[in-house]
Amino acid sequence: MSKSIGILTSGGDCPGLNAAIRGVGKPALELYDMTVLGFRDGFRGLVQDRLMRLDTSVLSGILTDGGTILGTSRDKPHRMPFGGKTRDMTDAIVDTYHRHHLDVVICLGGGGTQKNALRLHEAGLNVLTLPKTIDNDVAKTDVTFGFDTALSTATEAIDRLHSTATSHHRIIVVEIMGHRAGWLALGAGIAGGADVILIPEIPYTVASVARAITTRARQGKRFSIVAVAEGALTAVEQARTVKLRKRKAAAKQKATRKRIANELDQIEADREGNTQRLTKELESLTGIESRLTILGHLQRGGTPSAADRLLATRLGTACTKAIAAETFGCMVASRGDGSKLVPLKDVANERKLVPPNHPWVKSARLVGTCLGDE
Ligand code: F6P
C-alpha cells in the first residue's frame, strides 16, 4: 500500500525551506506514489489539523522562493499557548497523525525542532527531520540549509558598510544573527573583511576592541568595521552566566532553580541592548564617531542561494528514500556531498558551536582580525 506522509516547517523561517519541501515531495509523488500532506504553521497545524494537500502543481515553481509555503511558528507540542493557557498538545498531534493514517511526519527545523520531533517520536510517531537554520548550529550535520544564503546577505551588508565607514571615517558596528552561535558573524566577518569579529564562543573585552581600533587609527586607517554576533558576551557576562548555570545545576530546591533561571533570562533580555552599548563605549574610548547597524530579519529573507537550493534538494530527496526504506527517528544530516541518517536522540540536546580553535578562527587571526580576547 502506498504511504501517506505529513510535512511541516517549524521555528524561524529561512531560505531553502521550499526547495526542501519540493525535494521531499516530488519523488514521494512521482516515484513512490505517496500522498503528501502539508501542515500549516509548524506543530500548531498538526494540533489544529490545518492541512494543505501538496500535489505536483503546488510543488511546482517553489524552488527559488524564500520563506515557507506552509508557514511556520515557534510552537512546541508539549507547551503550546491555547486559550490563554500553556498546554501539552501531544495527544492532539497523535490523534491527527492517526486520523490521516500517516506513515511519517517530516519536521523541517533547527535545534528546537529536533527536540520537539524527538518528543513526538517518543510518543510513538514515525518522525524524520531535516536541518534548517541560518544559525548553522544544529549538531551532527556538516551544515544547515539557510546558512549559505544568510552568509552572503550579511557579507554583502558588510561590503556596503565599508564604503560609508571609509567616507565618514567612522566605526560601524554591525550586529549579525546566529542566536548563541557565532558561525554567521564569523563567516560573514571574514568574507567581508571586518576588522573586529565578536562571537559568543570567544568572550571579549571592550578594552581589547578599542585597542585594536586605536592601533588601526595610528596606522592611518581611519575607519573600522566591527561584526558582532547577537549572542556575543563580554568576559564578565560570560563568567556570570557560567556561574549561574553551575548554581542552577547544583540547586536542590525548585524555587532556587526558578530564581536562577529568571536571572539567566534577564541576562538574555539585557543582551538586546548590548550592541548599542558597545557602540557607545567604543566611541567614547577611541574618540571616533560610531554608528550601529542591526541586520535583523533581512538575513532570513529572500531567494535561496544556489548552494542552499542544492543542499535542501539533496537532503529532501534523501529523506524520501529513508521513508521508502522505513527508517525513522532520524535527522537527515549533510555529510560531504552525501547525507547520513543520524538518530534524533544524538542531535536533540546538542548545539553546534564554533570551537575556539576552529580553522575559521585561526584564519581570522592570521589576517589580523581582532576577536576581542587579546
Ligand atoms: O534561529 C534563527 C534566528 O534568526 C536567530 O538567528 C535569531 O536569534 C532568531 O531566529 C530570531 O527569532 P524571531 O524571528 O523569533 O525573532
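Colleague: How far is an oxygen atom of the ligand from an N or O atom in the side chain of His297?

Modeller: This is a predicted model, in which local features need pLDDT of at least 70 and side-chain atom pairs count only at pLDDT 80 or more, while totals for chains, interfaces and linings use all residues. Residues are numbered from 1 along each chain as its sequence is written, and side-chain values use heavy atoms, with hydrogens and water left out. A polar contact is a pair of N or O atoms within 3.5 Å. For the side chain of His297 and a ligand oxygen atom, the distance is 2.9 Å.

Colleague: Which residues surround the ligand?

Modeller: A residue is near a molecule if one of its heavy atoms lies within 4 Å of it. The residues around the ligand are Arg74, Thr133, Ile134, Asp135, Met177, Gly178, His179, Glu230, His297 and Arg300.

Colleague: At what distance from a ligand oxygen atom does a polar side-chain atom of Asp135 lie?

Modeller: Arg300 places a polar side-chain atom 2.8 Å from an oxygen atom of the ligand. For Asp135, the corresponding distance is 2.7 Å.

Colleague: How far apart are the C-alpha centres of domain 1 and domain 2?

Modeller: The domain assignment, automatic or from a database, gives domain 1 (4-145 + 304-346) and domain 2 (151-300). The shell around the ligand draws at least three residues from each of these domains. Their C-alpha centres are separated by 32 Å.

Notes:
A polar contact is a pair of N or O atoms within 3.5 Å; within protein, one must be able to donate a hydrogen and the other to accept it, and residues adjacent in sequence count only if both atoms are side-chain atoms.
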